[in-house]
Amino acid sequence: MINTGEILETLRMIDREKLDVRTITMGISLLDCVCDDERRLASRIFHRIATRAEHLVQVGEEIERDFGVPIVNKRISVTPVALIAGAVRDPLPIARALDRAARETGVNFIGGYSALVQKGMTEADRRLINSLPQALSETDFLCGSVNVATTRAGIDMDAVKLLGESIVALAEKTGEQGGLGCAKLVVFANAVEDNPFMAGAFHGPGEGDCAINVGVSGPGTVKRALEKVKGEPFDVVAETVKRTAFRVTRIGQLVAREAARRLNAPFGIVDLSLAPTPTVGDSVAHILEEMGLEKCGTHGSTAALALLNDAVKKGGVMASSHVGGLSGAFIPLSEDIGMIEAAKAGALTLDKLEAMTCVCSVGLDMIAVPGDTPPSTISAILADEAAIGVVNNKTTAVRIIPVPGKKVGDVVEFGGLLGHAPVIPVHPFSSEAFIARGGRIPAPMHSLRN
Amino acid sequence: MGSISKAVVTVLGFDRKGIIARVSTILYERGINILDISQTVLDGYFNMVMMVDISEPVGSFSQLSDELNALGEELGLQIRIQKSEIFEAMHQV
């Protein structure tokens with residue numbers, strides 16, 4: 001029997017600490033839509049998604065009401081489009097079909113305009129990467145991603161070079177909205193196939209026909225719990241985070257099972273991520289500061305984040321029958337009020353963020369840099385981040401926005417969950433000749449690890 | 001509704017006359033049996049938690065939920081009903 005104190009605690013976590021389920025994401029395979037007629041392919045894709053995800057938003061809202069816990073986003077991820085576009089010349093009609101399907105089903109994002117090119121690019125992969133600026137600038141709901149590296153294959157530097165150019169072109173095409181298109185494109189190393197979070201979600205080729213993946217959140221609840229153990233040693237801090245992560249994840253598991261049952265789709269995974277929002281009281285940076293740092297980004301931030309990331313996993317893993325996705329702490333700059341403040345104060349730099357990505361769930365996320373940053377510098381940033389992922393056997397990602405017309409110190413507003421970001425400096429020294437080489441960086445050793 | 005049969009009604013806000021009477025009336029009209037009730041008033045702040053059986057409801061859960069929310073607005077309180085599994089998931093291993 002649950003007691004009154006526990007019930008009131010749950011209500012407090014939802015009302016005051018902004019506990020929510022961040023997303024229910026339905027993964028849908030499009031492999032059997034393949035066909036060599038562009039129009040038929042697009043129409044098959046649209047109907048597949050519109051039928052399978054017809055009730056997704058409605059069921060999400062019902063669960064929200066039944067359990068009294070907010071479910072912020074309902075989303076769809078699909079098979080990487082480059083895998084189903086091999087027999088057609090142009091992937092753009094698929095982009096438009098996906099966007100229409102998102103509008104039809106009422107989801108707020110659809111992910112999977114993607115290619116997996118860690119070892120090399122097919123003609124379809126190359127066409128998709130080249131089409132990214134057009135596809136992501138003319139659609140409203142579509143998100144894309146490209147996996148350019150894995151620990152087993154190394155880093156595809158030809159793809160890295162192309163993507164630097166695509167990112168700059170995409171920023172320019174969406175210049176009036178501050179380069180917003182780039183917020184919908186993620187460049188991965190060691191991408192996971194069951195990530196429910198955007199913009200990097202896709203339904204991997206190793207998945208079944210359909211899966212329900214759920215992403216939890218709760219930076220506010222962790223911060224609040226740590227406020228009660230001020231000055232205590234790190235052993236206590238880690239235990240407190242674990243305990244909180246366990247509770248948060250149990251809600252995710254409940255929602256995932258319920259959504260899978262009501263949508264008649266298999267339950268995939270719960271992603272144990274601490275995903276911040278720009279709202280006050282929902283910041284990962286503030287958790288690090290609660291541990292005793294004056295500003296996020298100062299010395300000690302990497303250690304604090306490492307503890308947080310590990311404790312979230314340890315606490316969450318027992319609360320769910322299947323854990324997957326990215327599972328860890330996110331540090332998106334523009335989507336976290338504490339990160340924004342720290343960057344504005346000069347405490348948080350690109351170099352420190354890169355260091356922090358070695359120990360957290362993803363990578364350089366929602367970083368705004370000057371609009372005149374050369375494509376080769378963007379590519380070099382992608383390569384650095386991929387190297388961290390490849391060598392450390394973890395997922396890393398980059399979502400970077402070279403904001404047209406903006407310089408260091410300016411602020412760019414993306415709106416909604418994407419927040420706003422101060423434009424931070426990149427190194428002025430050129431990486432041009434480095435990126436011009438192309439080819440592949442070989443996969444690293446898996447023994448003799450030091 | 002499947003196997004789900006219990007829910008928790010919570011009322012939070014400043015104390016006034018007739019809160020329990022009004023909430024119980026709605027539950028009665030909707031065929032809901034009250035299993036347990038606990039209430040505290042601290043510095044005029046009213047906390048009530050009710051465990052109810054919703055296995056034979058009159059109308060849908062969402063109608064009941066809307067009706068309780070509306071009563072909350074009328075009385076200037078926060079009244080809500082949630083299926084009990086969320087609390088069990090969070091606090092029981």
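Author: A residue counts as buried if 20 or more other C-beta atoms lie within 10 Å of its own, and as exposed if 12 or fewer do. The structure above is a predicted model. In chain A of this model, buried residues make up 61% of the 450 residues.

Reader: What percentage of the 93 residues of chain B count as buried?

Author: In chain B, 30% of the 93 residues count as buried.

Reader: How much confidence does the prediction carry for chain B, and what are the ipTM and pTM of the model?

Author: Chain B has an average pLDDT of 89, and 96% of its residues score at least 70. For the model, the ipTM is 0.86 and the pTM is 0.93.

Reader: Let us turn to overall form. How many helices and strands are there in chain A, and how compact is the chain for its length?

Author: Chain A contains 15 helices and 13 strands. Its radius of gyration is 21 Å, close to the 22 Å that the rule gives for 450 residues, so chain A is as compact as a globular protein of that length. Along the principal axes, the C-alpha atoms of chain A fill a box of roughly 60 × 50 × 50 Å. Of the contacts in chain A with a separation of 6 or more, 80% are accounted for by residues 24 or more positions apart.

Reader: In what order do the elements of chain B run?

Author: From the N terminus on, the order in chain B is β-α-β-β-α-β-α, which comes to 3 helices and 4 strands. The radius of gyration is 13 Å, close to the 12 Å of the globule rule for 93 residues, so chain B is as compact as a globular protein of that length. The C-alpha trace of chain B spans about 40 × 35 × 20 Å along its principal axes. Residues 24 or more positions apart provide 67% of the contacts in chain B with a separation of 6 or more.

Reader: Now the strands of chain A. Which strands pair with S2(A)?

Author: In a regular strand the side chains alternate between the two faces of the sheet. In this case, S1(A) pairs with S2(A) in the parallel sense over 7 bridges, and Thr25(A) stands opposite Arg75(A). S2(A) also pairs with S3(A) in the parallel sense, over 3 bridges, where Arg75(A) stands opposite Phe109(A). S2(A) is mostly covered, with 7 of its 8 residues buried.

Reader: Finally, the backbone. Where is there a cis peptide bond, and which residue other than glycine has a phi near 40°?

Author: Most residues other than glycine have a negative phi, and most peptide bonds are trans. In chain A, a cis peptide bond joins Met198(A) and Ala199(A), with omega about 10°. Ala199(A) is found in the loop between S6 and S7 of chain A. Ser327(A) has the positive phi near 40° and is in the loop between H11 and H12 of chain A. Met366(A), in strand S9 of chain A, has a positive phi of about 55°.

Reader: Are Ser327(A) and Met366(A) buried or exposed?

Author: Ser327(A) has 25 C-beta neighbours inside 10 Å and so counts as buried. Met366(A) has 24 such neighbours and therefore also counts as buried. By contrast, Gly59(B), in the loop between S3 and H2 of chain B, has 12 and so counts as exposed.

Key:
Residues numbered from 1 in each chain as written. Chains lettered and ligands numbered in written order. Helix = DSSP H or I, 4+ residues; strand = E, 2+ residues; numbered from the N terminus. Rg over C-alpha atoms; globule rule 2.2 N^0.38 Å. Contact = placed C-beta atoms within 7 Å. pLDDT = per-residue confidence, 0-100. Pairing = 2+ DSSP bridges.
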